[in-house]
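Reader: Can you walk me through how this model is packed? I have it open here.

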Amino acid sequence: MITIDWRDLGLTDKDKPFAQGAVGELFRVPQPVPNVPGRLVAGRVVPRKLVFKRVVAQQQLQAAGVDRKQVLEQMRKVVALRDAMSPDDLNELDEVTAWPLAMVRKEGKDVGILLDLIDDEFWVDAKPPGGPPDRVLFELQFLCVSDGYFQRLGIDASPIKNDAMRLALAARLAYAIEVIHRHSLVFGDLHLKNVVAAFRPQARVLLMDCDGVAHLNDTSRVQLHGPFFTPPEIAHQQQRLQDQKTDVYKLGMCIIRMLSPGFGATQVRSPSKAKAGLLDAEGVRLLERAVSENRDERPEAWELREYLVRRLKSLIRPPILRSAELSHRAVLRGSNLFVRWDQEGGTEVRIFGANGWTVTGIDPERYKDGYAIKPPHAGPIDVEIWNDDGPSQRVRAGYFDYYELPALDMKGAFADVLRLHLPDLPTLDASVFDRLEPYPEPVYPDLNISLSAPEIRFPPLTLGLGQGPLGTGLDNVPQSLLHRLSRQANGIVSKAIARARLQQAIRKELDRIPDYVFEAIGKEGNESDAGSPRA
């Protein structure tokens with residue numbers, strides 16, 4: 001039997017419980033706990049999310065006539081029962097129960113047990129009008145209440161509007177009790193508030209408060225009864241201990257009330273009160289036997305499960321998946337892989353890949369030609385088709401693999417290319433550049449090379465209207481003409497300087513300038529050139 005020290009839970013005495021049951025307070029465990037084995041989920045073992053159930057003080061139990069020592073002793077027995085089961089039995093048990101995993105001790109005394117935190121699928125949003133939003137467990141008791149009750153709590157009741165869902169949950173409850181009985185155990189305190197339900201991805205139930213479960217051979221077992229669930233043989237004090245026959249009585253009562261929604265459903269005792277169409281004559285007779293005062297008439301839990309499954313199949317029309325296939329057996333990573341199917345009656349397609357990869361919510365009408373996927377891992381691809389009545393058979397579409405583009409190896413790609421062999425060259429120290437002389441600037445004789453071409457400026461001239469040759473009548477040259485001649489001279493000089501390499505070349509270029517240009521310039525602007533414009 002696994003025993004955990006309270007200090008390993010990461011809790012303090014100031015922590016407050018998030019919920020309270022008949023004999024214990026529940027605390028969320030904030031950290032992994034050593035020595036608690038993981039849980040098998042989708043074929044792999046994952047760490048458990050845990051809850052600590054602390055048994056309340058004797059003063060609180062006194063009103064119910066319960067002895068705290070007996071409660072803790074019963075918890076130890078339940079934990080010990082788990083140790084005797086095979087791994088397959090434990091996986092089956094964890095699917096339908098919140099079974100105690102370990103005892104918790106504080107200062108050398110047992111104070112409670114460790115449990116799995118209930119999975120998210122069993123919780124629903126509650127958004128009451130005018131109140132704060134919340135998350136609550138969907139208890140089977142909700143199947144008995146009116147629409148007004150759901151409206152006051154702000155809970156979506158649409159999943160249980162489907163009659164087939166009610167039958168499916170009833171069948172799952174019968175199966176859960178069947179699993180308990182298979183190990184010669186008695187569940188004991190079975191009632192509608194002690195079981196929670198889930199609707200997606202499929203109908204599920206989970207038995208709560210399993211710390212009262214006992215072996216048939218345990219004559220000291222103490223097990224409670226919920227309101228309106230006390231078996232007649234116990235009520236009439238014909239026997240003291242509960243057994244599998246009393247479990248079947250409580251199971252029958254649960255099923256009848258689950259199938260009888262509306263006012264007063266929590267006290268209904270006859271299957272004839274069930275909603276019309278849910279039970280046929282065979283079902284009514286079977287449930288009448290289950291709640292009979294005559295213990296010997298009561299069927300086994302597996303008989304109830306078999307009938308409910310058979311009845312469910314007669315009422316529902318699940319979709320048909322005829323075939324599924326992949327577009328390719330191998331694709332380049334990052335490319336689309338198309339999944340195609342042939343189905344009838346489905347409203348949703350679900351695709352399953354390797355390592356738990358899943359795509360849900362695919363509309364088969366919108367994607368009649370297939371659906372593109374990019375799974376992270378190569379491997380098998382399976383397909384299911386769903387509608388309100390459940391899933392089709394899962395079909396293997398095929399296996400696929402990814403292939404990768406080869407990496408570009410430049411060194412390898414040019415390994416065979418001929419290369420010029422150069423002898424070893426001396427390395428050049430970067431500090432050498434600090435010791436180099438500035439680059440020399442060329443200077444030519446009698447030539448001053450500036451960074452930009454000189455601009456020739458003309459003195460202002462007084463222009464007249466006289467006639468005659470240009471050279472003899474400069475006063476009569478228009479001002480615009482002189483400006484144009486000035487720009488032309490500037491361009492010629494600039495071009496000559498840019499192209500010049502020797503002084504003789506510049507002089508040769510200057511010789512091309514007409515004489516009348518220099519005559520027009522005048523002496524004043526060229527005195528520095530030895531008194532002659534051409535000098």
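Author: Below we go through helix packing, the nonpolar cores and some backbone angles.

Author: This is a predicted model, so local features need pLDDT of at least 70 and side-chain atom pairs count only at pLDDT 80 or more, while totals for chains, interfaces and linings use all residues. Residues are numbered from 1 along each chain as its sequence is written, and side-chain values use heavy atoms, with hydrogens and water left out.

Reader: Fine. How do α8 and α9 cross?

Author: The axes of α8 (residues 281-290) and α9 (residues 301-315) come within 11 Å and cross at roughly 160°. The two helices are therefore roughly antiparallel (an angle over 145 degrees). Axes here are lines fitted to C-alpha atoms over the stretch in contact, with angles from 0 to 180 degrees between N-to-C directions. Helices are DSSP runs of H or I with at least four residues, and strands are runs of E with at least two, numbered from the N terminus.

Reader: Which residues in α8 meet α9?

Author: Glu282, Gly283, Leu286, Leu287, Arg289 and Ala290 in α8 meet Glu303, Leu304, Tyr307 and Arg310 in α9, where contact means heavy atoms within 4.5 Å. By class, that contact has five nonpolar, one polar and four charged residues. Ala, Val, Leu, Ile, Met, Phe, Trp, Tyr, Cys and Pro count as nonpolar, Asp, Glu, Lys and Arg as charged, and the others, Gly among them, as polar.

Reader: And at what angle do α7 and α9 pack?

Author: About 25°, with the axes of α7 and α9 10 Å apart. That makes them roughly parallel (under 35 degrees). Val248, Leu251 and Ile255 in α7 meet Ala301, Leu304 and Leu308 in α9. This contact of α7 with α9 has six nonpolar, no polar and no charged residues.

Reader: Switching topic. How many residues are in the largest nonpolar core?

Author: There are 69, and Trp99, Leu173 and Leu207 have the most contacts inside it. Helix α5 (residues 163-182) gives the most to this core, with 13 residues. A nonpolar core is a set of buried Ala, Val, Leu, Ile, Met, Phe, Trp, Tyr and Cys residues joined through side-chain atoms within 4.5 Å. Buried means under 20% relative accessible area, exposed over 50%, and partly exposed in between (1.4 Å probe, protein chains only).

Reader: Last one. Where is Gln237, and is it buried or exposed?

Author: Gln237 sits in the loop between α6 (232-235) and α7 (244-258). Gln237 is exposed, with a relative accessible area of 72%. Its phi is near 55°, a positive value in a residue other than glycine.

Note on methods. Parallel < 35°, antiparallel > 145°, perpendicular 65-115°, else oblique.
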